[in-house]
Amino acid sequence: MGKMSVNLCGIELDNPVIPASGTFGFGYEFAELYDINMLGTFSFKGTTKDARFGNPTPRIAETPNGMINAVGLQNPGVEKVISEELVKLKKCFHKPVMANVSGFSVEEYVYTCEKIDKCEQVGWIEVNVSCPNVHGGGMAFGTSPEGAASVVRAVKAVTTKPIIVKLSPNVTDIVAIAKACEAAGADGISLINTLLGMRIDLRTKKPVIANKMGGFSGPAIFPVAVRMVYQVSHAVNIPVVGMGGVASAEDVIEMMLAGACAVEVGAQNLVDPFACKKIIEDLPRVMKKYGIESLSDIIGAVK
């Protein structure tokens, strides 16, 4: 069997498959279905300084080959994530986990990252500067090189764990923002977060979701994600985690050829809770089919 292990910011993963934040809860729910220790790791639910109820409902809508969501970073706040959620997770997941953090000010990012950084379970901090579903935070920082860099510099000053910055595709120049994050000290980049989408109910003549617009994800956005992963990975000298519409082992290979050293699976977990398990189990077959002996060897192979 081919070698599936990869290295992400100095930490070895058994395989490159990572359930994306917001699609895998805090992990222990999925542990009731299968042994989640087979995953490379996973990125847990987006965490903020204070508890958030999220956006009003309805906040999820199906689309052809995808979905729109505007959940709005619903979470119990960093204190309870540490004292309750991570305690439950420790019983069923025995690898370093990726913490996803968001904020509405640089100070909030700093507060939450500093708290999370002290958790022994956490291997990486994924700093989300790209959430399109909240007003006045998240994506507001990720749409300019200066805004993203300001968050990176601030959180790097109070953390010891690798900082992976999650970027938005809803920008004109994704490469400029990625390079600014690298210059500010980011240890890695993850992309893409959701595109901004909208659906209208023909009967009511109103937007389908209460927030009007939301994050568009699913297989329909995969080509956009591959393109941006390719552009960014060839412009920076830090690891890139690719995501956006990944639904199969073939998609994982394609993302890695574009330049991703690990691959997050998002919306597909909501379609099939066993999606990541199936992808990992299918990777050896796909590697053999395409003559791949080691996944590490194909990272960024497309020039």
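**The second largest pocket**

Author: Of the elements around the second largest pocket, α9 gives the most to the lining, with 3 residues; helices here are DSSP runs of H or I with at least four residues, strands are E runs of at least two, and both are numbered from the N terminus. Before going on: this is a predicted model, where local features need pLDDT of at least 70, side-chain atom pairs count only at pLDDT 80 or more, and totals for chains, interfaces and linings use all residues. Residues are numbered from 1 along each chain as its sequence is written, and side-chain values use heavy atoms, with hydrogens and water left out.

Besides α9, β4 (60-63) and β5 also supply at least two residues each. A pocket, by the way, is an open set of points on a 1 Å grid over the protein atoms alone, where a 1.4 Å probe fits, with protein on both sides within 12 Å along at least five of seven lines; lining residues have an atom within 4 Å of a point.

About 180 Å³ of space lies in there, the volume being the space filled by probe spheres set on the points, which are joined across faces, edges and corners. By class, the lining has 6 nonpolar, 4 polar and 1 charged residues; Ala, Val, Leu, Ile, Met, Phe, Trp, Tyr, Cys and Pro count as nonpolar, Asp, Glu, Lys and Arg as charged, and the others, Gly among them, as polar.

β5 (66-69) and α9 (268-271) also turn up in the largest pocket, each supplying at least two lining residues. That one holds about 590 Å³.
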